[in-house]
Amino acid sequence: MEVVIVPDAAAGGEVIAEAMAALIRRKPDALLGVATGSTPLPVYQALAAKVRGGAVDVSRTRVCQLDEYVGLPAGHPESYRSVVLREVVEPLGLSPESFMGPDGGAEDVQGACDAYDAALAAAGGVDLQLLGIGTDGHIGFNEPCSSLASRTRIKTLTEQTRVDNARFFDGDIDQVPHHVITQGIGTILEARHLVLLATGEGKAEAVAQTVEGPVAAVVPASALQLHPHATVVADEAAASKLKLAPYFRATYAAKPRWQGL
């Protein structure tokens, strides 16, 4: 996989936003897979700035979710649907109809998972999937030892994950759902381009295991090694444990700019 080491989160956001913009210029109706959390915000902010400045036209662009809580009421501000609408769809000026996501309120949750996999395929597949990474190497809600062939499915959140996410629910863990729908690793690997953004020293070990370690279910993100077009963008802190960092810096510096990511 390609590794791009950047000075900070803002620089990483700009690099990825330009890759998205270049994709949209080539394919105006591209389907972008988006992630939630604080890490990808610089990407969305940089892309929105390009839209406002007229550098790219996203009027036909589509977006789709990576995961969703199960059981939150429709319109709940912390549902990932609401977060994506607030942080991606609205700033980019997209229509709600351009947005796809799994139904976390469905009575038949497994049926909703299967339906989402089918909907992604029917839409032509994801052109670029943006990913974050957990300190344990998880992507989406595919925790360590998830099957590398897994499809969109329901997962049970660990107690630690619910504790971590309680900050989004007024600090009340009892408000944090126990279950989520997540694209499986097998589903994620079907995207044409995978871009993982990692920032901060806390992600350094996970990044090193993902890039330089063996492909293993205990580090779900290591499955990106199996993908023909996977890019890891890491700031200096997140890249601090990469043994091959000098090589990654040299190859990216010498890369023809027209290639993009």
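I took a salt bridge as a side-chain nitrogen of Lys or Arg within 4 Å of a carboxyl oxygen of Asp or Glu. The model is predicted, so local features need pLDDT of at least 70 and side-chain atom pairs count only at pLDDT 80 or more, while totals for chains, interfaces and linings use all residues. Residues are numbered from 1 along each chain as its sequence is written, and side-chain values use heavy atoms, with hydrogens and water left out.

I looked up E190 and R151, whose side chains form a salt bridge at 2.8 Å, N to O. This pair links distant parts of the chain, 39 residues apart: E190 is in the loop between α6 (185–188) and β9 (193–198), and R151 is in the loop between β6 (128–131) and β7 (153–156). Helices (H or I, at least four residues) and strands (E, at least two) are DSSP runs, numbered from the N terminus. For exposure I used relative accessible area: buried is under 20%, exposed over 50%, partly exposed in between (1.4 Å probe, protein chains only). E190 is exposed at 53%, and R151 is partly exposed at 34%.

Next I checked E205 and K241, with closest N and O atoms 3.6 Å apart in a salt bridge. E205 lies in helix α7 (residues 204–212) and K241 in the loop between β10 (230–235) and α8 (245–253), so the pair ties together parts 36 residues apart in sequence. E205 is partly exposed at 38%, as is K241 at 47%.

I then noted the salt bridge of R249 with E236, at 2.6 Å between the closest N and O atoms. R249 sits in helix α8 and E236 in the loop between β10 and α8.
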